[in-house]
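Have the sequence and the model open as you read.

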Amino acid sequence: MFRALLPRDTSFFDFFEKHAALTVEGAKEFLALTNNSSDLDSRVRRVKEIEHETDVITHQCVEALHKTFITPIDRDDIHRLISRMDDVMDLLDAAAERIKMYEIRVFTRELKTFAEILVHATLLVERAVKGLRNLKASEEILKCCIEINRLENDADALFRTCMAQLLNQEKDAIVIIKWKEVYETLEFATDRCEDVANIVEGILLEHA
Amino acid sequence: MFRALLPRDTSFFDFFEKHAALTVEGAKEFLALTNNSSDLDSRVRRVKEIEHETDVITHQCVEALHKTFITPIDRDDIHRLISRMDDVMDLLDAAAERIKMYEIRVFTRELKTFAEILVHATLLVERAVKGLRNLKASEEILKCCIEINRLENDADALFRTCMAQLLNQEKDAIVIIKWKEVYETLEFATDRCEDVANIVEGILLEHA
Amino acid sequence: MFRALLPRDTSFFDFFEKHAALTVEGAKEFLALTNNSSDLDSRVRRVKEIEHETDVITHQCVEALHKTFITPIDRDDIHRLISRMDDVMDLLDAAAERIKMYEIRVFTRELKTFAEILVHATLLVERAVKGLRNLKASEEILKCCIEINRLENDADALFRTCMAQLLNQEKDAIVIIKWKEVYETLEFATDRCEDVANIVEGILLEHA
């Protein structure tokens, strides 16, 4: 009875979902960027805009956390979840900016594959955080988490292949360093998706 | 009375111990690899096999976590512990694969030293997680944790020395990048051993 | 009544404050180092001395944690907080040592800017952990945390600019790798300041 009267704000799920949807948009924008270097500047700008929008949501979410008395899931988990989600979009933005700043103009097939993995992973993050509204459907959420883990392994293997190719074939060390930075940033983005999956899995475990 | 009737599964300790023992085997295989580049391919394959075996244990452990009602130690700690333990073997595998893929055929004395540190660190991880069965013997476990921390410092210092040598003596930047990747991967593996030590220490603190 | 009789050790705040004050001193020493390469050796030595002093405090803090029955804030938070604080000073020391070992003798304007950011960030960490004594003044502590986050963003942007400059202008890949290592170490130090801010913010959330 008493509990029902307390402000049990569920808007945290709204923050998660809006943030996740924007990050999917950011990943799709990044994928479009890898298809065509002619509209690079406007794509990079658009990715940065999306990154600013997700930043605003993150700040609103953390502020709400400080003002809400009872949270639907553990406060610390909300804090860690939105922070790691935010890292994904930060890294997508960092990768786009690096491509521009390092004056990379010829895109590799592997760059596109990284972007495709990230579109896939951010869509799964979106489904996983949507699932948090109803923790009873944990089977479905867990499947997303496992799939995100698999994609992170794919990104890891792709990174190693890219590096081996570069190091064995490219003669210009500076070109190698540039691409390494870009691939690494994208690989880190999939790592942060995996962190999100692990936090979601942890929340499921606590509510099991 | 009621508590005794609940399924208080202690198989988690079995998962930890099996995983830790395999990782020690992986580290020893990696050390053998650094002694002799002639059997490189079969060693790299064996390291990858062990990595697959630890992967299976990790998945079984996490699945058990979702099905077990009462766990001997905090669910989140079990999840984090097995995940960080798994990272160690992943990184040993990644280092072996890099040596193969980058076509490195002359091994340095420092590579062997890194491998020795990792054999030592994984043996300590094995002792520390064995200790979790009986949290009363915390002095002994703590000693392992402190020793793992010390080894991580050693690996850190070794990495810096290796990099200084490479950067001041090697003229081919591509060779520098290759070795940096290998040394870095091994240094990360000791970082993950330290994470395991910190999680174990955290568990001790909660049960103090 | 009973509670008042238990050893509620508040010396943890002393550990945090002493550690934070020393790290500020370390950051200032590092800043002084970036002004003048002629006294490099003595500055690097002084940074290492401070790093040893913070190490001792960290060990004392963790030891006290194992011996104290009731802690003023969550045991795990104390453990994570002092560990992340310690990482900041470790990385300042690593950056100083790298400059020396890589025989870098001409310092860039950007190196000094990184050092200034770190003096600023460590001063804010000092204020934030001082604030933990009185969790009622959470507004003030939160402001410090937000400001640390902003500085981390600045460091991130600075790192990208430095890398773009190096990669587009410097012809010697080995010089690029050296500076990348130094800048990266300093950027990691601001990341660890942000981790400290996040842990402090988490503690505030739990006591809200």
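Does C:Arg98 count as buried or exposed, and at what relative accessibility? This is a predicted model, so a quick note on ground rules: local features need pLDDT of at least 70, side-chain atom pairs count only at pLDDT 80 or more, and totals for chains, interfaces and linings use all residues. Residues are numbered from 1 along each chain as its sequence is written, chains are lettered from A and ligands numbered from 1 in the order in which they are written, and side-chain values use heavy atoms, with hydrogens and water left out.

Back to that arginine. C:Arg98 counts as buried, with a relative accessibility of 9% (buried is under 20% relative accessible area, exposed over 50%, partly exposed in between, using a 1.4 Å probe and protein chains only). You'll find C:Arg98 in helix H4 of chain C, residues 75-101; helices here are DSSP runs of H or I with at least four residues, numbered from the N terminus. Leaving out residues up to four places away in sequence, C:Arg98 touches B:Phe159 and B:Arg160, along with C:Glu181, C:Val182 and C:Thr185, where contact means heavy atoms within 4.5 Å.

Now for how the chains are arranged.

A:Ala173 leads on to a helix pair. In chain A, the axes of H6 (residues 138-169) and H7 (residues 173-206) come within 9 Å and cross at roughly 165°. These axes are lines fitted to C-alpha atoms over the stretch in contact, with angles from 0 to 180 degrees between N-to-C directions. H6(A) and H7(A) are therefore roughly antiparallel to each other, the label for angles over 145 degrees.

Last stop, A:Phe16. Again skipping residues up to four places away, its contacts include A:Cys61, A:Ile73, A:Met85 and A:Leu132.

Terms used
Helices (H or I, at least four residues) and strands (E, at least two) are DSSP runs, numbered from the N terminus. Angles under 35 degrees count as roughly parallel, over 145 as roughly antiparallel, 65 to 115 as roughly perpendicular and the rest as oblique.
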